[in-house]
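Take a moment to turn the model around before reading on. We'll go through it piece by piece, in plain words.

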Amino acid sequence: MLVSLKIKNFLSFDSEEGACLDVRTKNCRGKSNHYIKSNKVNLLRFASIYGANAAGKSNIVSSFEFFKDVVLQNQNKNFWQKYYTKYNRNCKDNVSKPTVAEICIKLGTKLYRYGFEIMLNKSIIVKEWLFQDDTLIFIRDIEKENYQINLDLFKLTDVRNMVEALFNVSKSENKTLFISEMNRAKRSLYKCENEKNLIIYQEVFNWIRDSLVIVRPDQPPRIISNAINPNGDTKAVIRILGQFGFDIESLDFVEIPIDSVFSDIGMPDDLKKDFIDDISQQLSEEDDGGFSIAINGPTGLHFFAKENDKPIVKRLSIVHKNKSSFKVTEESDGTKRLLELIEILINNDKEITYIVDEIDRSLHPKLTKAFIELFLESENLGNTQLLVTTHASILLDQKLLRKDSICFATKVGGNTIIKNLADIPNVRSELDLEEAYFSGRFEALPNINKYL
């Protein structure tokens, strides 16, 4: 579960800002079902960020995306070009300062702090660290040549020597994160049952890779097996769509020739062959044999699986109650948006943290509110968390949300500042937040000058 993300010298963030999902005790009461209780820290299930256009709300989402990209893609040479100029450029001195990012997560009963410092304009890592509660796991400060690793965690000499050797190699590596290296082709390393502490490296990495899910309004929908999939149970999807007033009767998956997926968009034969070969290779690496690859394109949403050693593909068809059938690309923007988000309401993985940019895009305000209400009322979502940016002022309701689950993004001198409602004085429980917001009480409004 996510506790916090801290970011500094990235996009519109100059000094340290970020997102925090720990529960505030001051000025916040009630709605105990809105947070997850534990003996160390209580964590919010839902949080929202408001602000004017260009205030920096989406840069919070970009910060999570950046963090995940660095951990997963740092060994890709083309990766570094993406963030070469993404340091905060409001101060010219920032080009020579590192971008700092740290995430705090709760796994089981432990809290982990993992972070790094990167000189983006030079594409080099200068510092990296990992702590379990207050116990140092490792730190490598390349700039100051300070390298520490906690080898006392391991019982076996062979394991201790192997981890130490890998860490020593990392001392000269300023393009690769140690936590990434500890999870690259290291399956045999984690098979040692007598070294329980060894999986710290794996669990933190896996949370970033699998449990941190980022949904942008300009990207294809993320499809998982328990939501929309030819092998899955789509009854829950149809039920929720019905609750929101959509007249959809079923989701059908129709097998089509694999060539047609790419021919319909005019893909050249040589590129099409390479694409199919790449999909076949990915499918051969999957263990379950299910429809594990989904591609969303101009001709619809397609699912790939392997059958008799050959790839097959099925296209999603949406059947309405009047028996008319449409491809996803032929549906309304609101329907497509809800299909992008619906896995949040039926997630069976229990431990996913969703970061959703502009959750209200293409949705009616009442539908957006109903979506959040259903999320907060659901008792079968386990430790699922949802952090959103939004303009949906209908959510600014103290009957619906806790104060500490509402934040505002404002710009000061070109830099984004994030304020939590719980930290703003004199916000009484009976205050109409939506009215106060539009009156400028929280400052996070566009500055419109109609006389220009």
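β11 and strand β17 (residues 353-356) run parallel and are joined by 4 bridges. Contact means heavy atoms within 4.5 Å; axes are lines fitted to C-alpha atoms, for helices over the stretch in contact, and angles run from 0 to 180 degrees between N-to-C directions.

Before going further, a word on what you're looking at: this is a predicted model, in which local features need pLDDT of at least 70 and side-chain atom pairs count only at pLDDT 80 or more, while totals for chains, interfaces and linings use all residues. Residues are numbered from 1 along each chain as its sequence is written, and side-chain values use heavy atoms, with hydrogens and water left out.

Now zoom out to the whole sheet. It is open, with 6 strands in the order β11-β17-β18-β5-β19-β20 and mixed pairing. At its edges stand β11 (212-215) and β20 (415-420), each pairing on one side only. From one strand to the next, the twist averages 20°.

There's another open sheet to find, made of 7 strands in the order β2-β1-β6-β7-β8-β9-β10, with antiparallel pairing. β2 (17-20) and β10 are its edges: each has a single partner strand, so one side of each is left without a neighbour in the sheet. Here the twist averages 10° from one strand to the next. Within this sheet, β1 (residues 2-8) and β6 (residues 99-107) run antiparallel and are joined by 6 bridges; Ser-4, for instance, has Cys-104 as its bridge partner in β6. Helix α5 (residues 199-211) packs on this sheet, touching β1, β6, β7 (110-119), β8 (124-132), β9 and β10, and its direction makes about 105° with that of β6.

Next, the aromatic rings. A pair of them is described by the distance of the centres and the angle of the planes. Rings of Phe, Tyr and Trp (its six-membered ring) pair if their centres lie within 6.5 Å, and planes under 30 degrees apart count as stacked, over 60 as edge-to-face and the rest as tilted. Searching the whole structure turns up 21 aromatic pairs. Take Phe-79 and Trp-80: their ring centres are 5.1 Å apart and their planes at 70°, so this pair is edge-to-face. Both residues are buried, a word that stands for under 20% relative accessible area, with exposed over 50% and partly exposed in between (1.4 Å probe, protein chains only). Phe-138 and Phe-178 are another edge-to-face pair, with 5.1 Å from centre to centre and 80° between the planes. This pair links distant parts of the chain, as Phe-138 is in strand β9 and Phe-178 in helix α4 (residues 178-181), 40 residues apart. Phe-138 is buried, at 0% relative accessible area, and Phe-178 is buried at 0% as well. Ring pairs also build a cluster, with Phe-10, Phe-66, Tyr-83 and Phe-116 among its members.

Most residues other than glycine have a negative phi. Ala-54, though not a glycine, has a positive phi of about 70°. Look for Ala-54 in the loop between β5 (46-51) and α1 (57-73), where its 66% relative accessibility makes it exposed. Glu-145 also has a positive phi, of about 55°, and belongs to the loop between β9 (135-141) and β10 (146-149). With 65% relative accessibility, Glu-145 is exposed.

Technical notes
Helices (H or I, at least four residues) and strands (E, at least two) are DSSP runs, numbered from the N terminus. Two strands pair if DSSP finds at least two bridges between them.
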